[in-house]
Amino acid sequence: MSDSGAYAIEVDHLSHRYGERVIYSDLSFIVPKGRVVALLGKNGVGKTTLIRILMGFLRPIGGICRVLGEDSHDLSPATRGRIGLLFEGHLTYEMMTIAEIERFFRPFYPGWRHELFYDLVDRLQLPYTHRIGDLSCGQRSQVVLGLIFAQDPELMILDDYSMGLDAGYRRLFLEYLEQFLAEGGKTVFVTSHVVQDMEALVDDVIFLQRGGAVLQMPLQDFMRDFRRYEIRLPSGSVPQPDRLIRNVETHGRRPELYSFGDRAQLAAHLEEHWPDVELVDEHPMSLEDAFIGLTGKY
């Protein structure tokens with residue numbers, strides 16, 4: 001890969017496995033600076049493992065990862081200070097109070113903005129003497145997110161930020177993030193199991209599948225080009241995925257076929273390879289619909 005100064009994250013021919021189970025095989029993608037990029041995939045495809053590798057917590061068996069221009073396994077303290085990391089599980093120091101944890105983190109970040117921390121945490125309506133260990137999972141999430149905003153990071157890496165947050169707090173977080181990004185010069189790399197949040201948040205999507213297969217494109221292009229068609233199967237013969245057909249779902253009210261092809265391309269393709277299949281109507285999709293259509297329900 002070239003022009004590394006334009007990228008916040010570079011993953012170059014990454015390979016990793018756990019025993020005999022291949023997690024990635026020759027995985028490559030980039031996260032351009034100034035973009036919000038969502039890494040989406042089913043459970044078990046290696047999203048959290050990838051973040052461990054990016055932060056140098058886990059060494060892959062092959063390939064190179066760079067974060068803000070540095071090798072992920074040799075990040076300098078200065079570069080780590082430019083990264084705001086939310087790791088799956090929201091681990092933090094449970095013996096501290098809300099005020100103590102803010103004072104603890106403050107010296108590590110020269111650009112610390114305590115007002116961002118307290119503005120978010122004040123929504124909890126709890127005294128600053130409240131102990132972290134006595135907070136609910138959602139409340140702890142709010143504290144951790146407040147700490148990340150206060151760091152004023154150049155790069156945010158958010159591994160399932162929605163864990164423990166109800167719909168209201170998720171909406172609040174997205175509003176804070178939008179204001180944060182409006183200041184400019186920020187990059188966000190995010191995973192989440194709440195796919196519907198991503199539609200209003202991200203610029204680009206990366207779909208990660210088992211074995212490390214990846215599809216990366218601007219969200220706007222994906223939502224424009226990926227299509228869902230209702231089909232009829234008079235003979236019961238189900239089309240199989242190929243160069244044009246990405247997925248076919250027969251569970252539900254009606255059989256559906258997913259493709260990046262337009263109606264004319266798909267009709268000709270079905271006529272040649274699956275002449276018994278009838279192409280009916282195209283149906284609009286949310287990002288969640290499209291995600292399920294691309295990756296499958298199971």
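H13 is partly exposed, with a relative accessible area of 47%, where partly exposed covers values between buried (under 20%) and exposed (over 50%), computed with a 1.4 Å probe on protein chains only. This residue belongs to strand β1, and H13 has a positive phi near 55° although it is not a glycine. The model is a predicted one, in which local features need pLDDT of at least 70 and side-chain atom pairs count only at pLDDT 80 or more, while totals for chains, interfaces and linings use all residues. Residues are numbered from 1 along each chain as its sequence is written, and side-chain values use heavy atoms, with hydrogens and water left out. Helices (H or I, at least four residues) and strands (E, at least two) are DSSP runs, numbered from the N terminus.

A positive phi near 55° is also found at D152, likewise a residue other than glycine. D152 lies in the loop between α5 and β7 and is partly exposed, its relative accessible area being 25%.

Strand β1 takes part in an open sheet of four strands, ordered β2-β1-β4-β5, with antiparallel pairing; two strands pair if DSSP finds at least two bridges between them. Strands β2 (21–32) and β5 (70–71) form the edges of this sheet, each pairing on one side only. Five bridges connect β1 (residues 7–18) with β4 (residues 62–67) in the antiparallel sense, and I9 has V67 of β4 as its bridge partner. Helix α1 packs on this sheet through β1, β2 and β4, and its direction makes about 115° with that of β1. Contact here means heavy atoms within 4.5 Å; axes are lines fitted to C-alpha atoms, for helices over the stretch in contact, and angles run from 0 to 180 degrees between N-to-C directions.

A second open sheet has six strands in the order β6-β7-β8-β3-β9-β10, and its pairing is mixed. At its edges stand β6 (83–86) and β10 (214–218), each with a single partner strand, so one side of each has no neighbour in the sheet. From one strand to the next, the twist averages 10°. Helix α1 (residues 47–54) lies across β3 (36–40), β6, β7 (155–159), β8 (187–191) and β9, and runs at about 140° to β8.

A38 stands opposite V190 on the β8 side and opposite V205 on the β9 side. Strand β9 (residues 204–208) is in turn joined to β10 by five bridges, and these two strands run antiparallel; there, I206 stands opposite Q216 of β10.

Helix α3 (residues 98–105) has I98, A99, I101, E102 and F105 as its buried residues. Viewed down the axis of α3, these residues fall within an arc of 165°, so they line one face of the helix; the arc is that of the directions from the helix axis to the C-beta atoms. The cover over the buried residues of α3 includes α4 (114–121) and α5.

Helix α5 (residues 137–150) also packs with helix α6 (residues 167–182), at an angle of about 0° and with the axes 12 Å apart. The two helices are therefore roughly parallel, a class that takes angles under 35 degrees, with over 145 counted as roughly antiparallel, 65 to 115 as roughly perpendicular and the rest as oblique. On the α5 side, Q142, L145 and F149 meet Y169, L172, F173, Y176, L177 and F180 of α6. The contact comprises eight nonpolar residues, one polar residue and no charged residues, where Ala, Val, Leu, Ile, Met, Phe, Trp, Tyr, Cys and Pro count as nonpolar, Asp, Glu, Lys and Arg as charged, and the others, Gly among them, as polar.

R246 is placed in strand β12 (residues 245–249) and is partly exposed, at a relative accessible area of 31%. Leaving aside residues up to four places away in sequence, R246 touches F226, P241, Y258, S259, F260 and L294. R246 and F226 are separated by 20 residues in sequence, and their C-alpha atoms are 9.4 Å apart.
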